[in-house]
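Work through the exercises below with the sequence and the structure at hand. Each task is followed by its solution.

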Amino acid sequence: MKLLQERTAKLKLGESLIIQTAVRIMVPFIQLFGLYVIVHGHYSPGGGFQGGVILGASFVALALAFDQKFSMQLMSERVNGVLGNLGALIFVGTAVLCALFGGLFLDYSALDKLIPLGPIGWRSFGIFIIEVGVGLAVMSIMVSLFWDIGSNGEMDEGL
Amino acid sequence: MIWLIDELTLLLVVICALAAITVKDLLSATVIFGVYSFLMCLLWAEMGAVDVAFTEATVGAGVSTVLFIAAILHTSRRSKD
C-alpha cells in the first residue's frame, strides 16, 4: 500500500486520482446499465442503439480518465473491429436467414421452421437478436470514433 | 401547470441555440450545445417520446459533446497560414 503522495507523484499532467477512482467505480455500473437497456429494448424505452452508445461511452470514459493505451489494453483495436463486424453480421445474417426460410427480409416468424417457438414467440425473440447486433455495432463505432478523433488517427497517446 | 414548465424549457432552448451560434469560443459553444441537447431531451420526455429523449441524452449530450471536445483540442486559436 503506497502512500497517496507517492501514487500521485507519478501521474502526468491532467490526470487526477479522484477522477480515476470515480471512473474505476462507475464503469462496471455503466456497462451493466447498457446491457440492461439492450436486453429490455423490445418492451421499454431504449434498445440496441442507445444501449450500444452507453456501452461505448464507458470505454470513452476510461480513455478520458486514464490513457488511451489503458482503454486499448482492455479492448484492443482488433477485438473492437471483430465485435463491430459481428454485430452487422448478426443483423444481416438473421434477416437473410428469415428470407432463406421462406419469409420476407427481417420477417422473424419464418424462423419458426428452424427452432419451433411459434410465430409470435419468434417475433418477440427475433427483435432481441437484432438489438444485440445493433448494440455491438454501435458500441464498436462509438469507441473507434473516439479513438480516432482523440489521437488524431495515430492510436498512441490520445487525450 | 405543465405548460409553464414547457414554455420555460422552450425559451431556454431558444436562448441556448442563439448563444451556441453567437459565442466565439469553440469550447464554450460545445458546452452550450450540450445544455441545448439536455433541454431538448427534457422537451421530448415531456411530450411523451421517451425513446427519442433517451437517444438525445446519450448521443446528443453524452457522446457528441465528448467527440466535439476531442476534435477542438486538436485545433489552434489562430490559423497557421
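**Exercise 1.** Compare the span of helix α6 of chain A with the expected span.

Solution. Just after the helix, A:Asn152 has a positive phi of about 60°.

The model is predicted: local features need pLDDT of at least 70 and side-chain atom pairs 80 or more, while totals for chains, interfaces and linings use all residues. Residues are numbered from 1 along each chain, chains are lettered from A, and side-chain values use heavy atoms, without hydrogens and water.

**Exercise 2.** Describe how α6(A) packs against helix α3 of chain B.

Solution. Step one: the axes, lines fitted to C-alpha atoms over the stretch in contact, lie 8 Å apart at about 20° to α3(B), residues 50–72. Step two: angles under 35 degrees count as roughly parallel, so α6(A) and α3(B) are roughly parallel. Step three: the contact (heavy atoms within 4.5 Å) includes A:Met142 and A:Phe146 of α6(A), and B:Val63 and B:Leu67 of α3(B).

**Exercise 3.** What is the area buried between chain B and chain A?

Solution. Buried area is the accessible area (1.4 Å probe) lost by two parts on being put together, summed over both. The value is about 1300 Å², with 82% from carbon and sulfur atoms. In chain B, B:Phe54, B:Leu67 and B:His74 lose the most, together 37% of what that side buries.

Key. Helix = DSSP H or I, 4+ residues; strand = E, 2+ residues; numbered from the N terminus. Expected span 1.5 Å × (residues − 1). Axes fitted to C-alpha atoms, helices over the stretch in contact; angles between N-to-C directions. Parallel < 35°, antiparallel > 145°, perpendicular 65-115°, else oblique.
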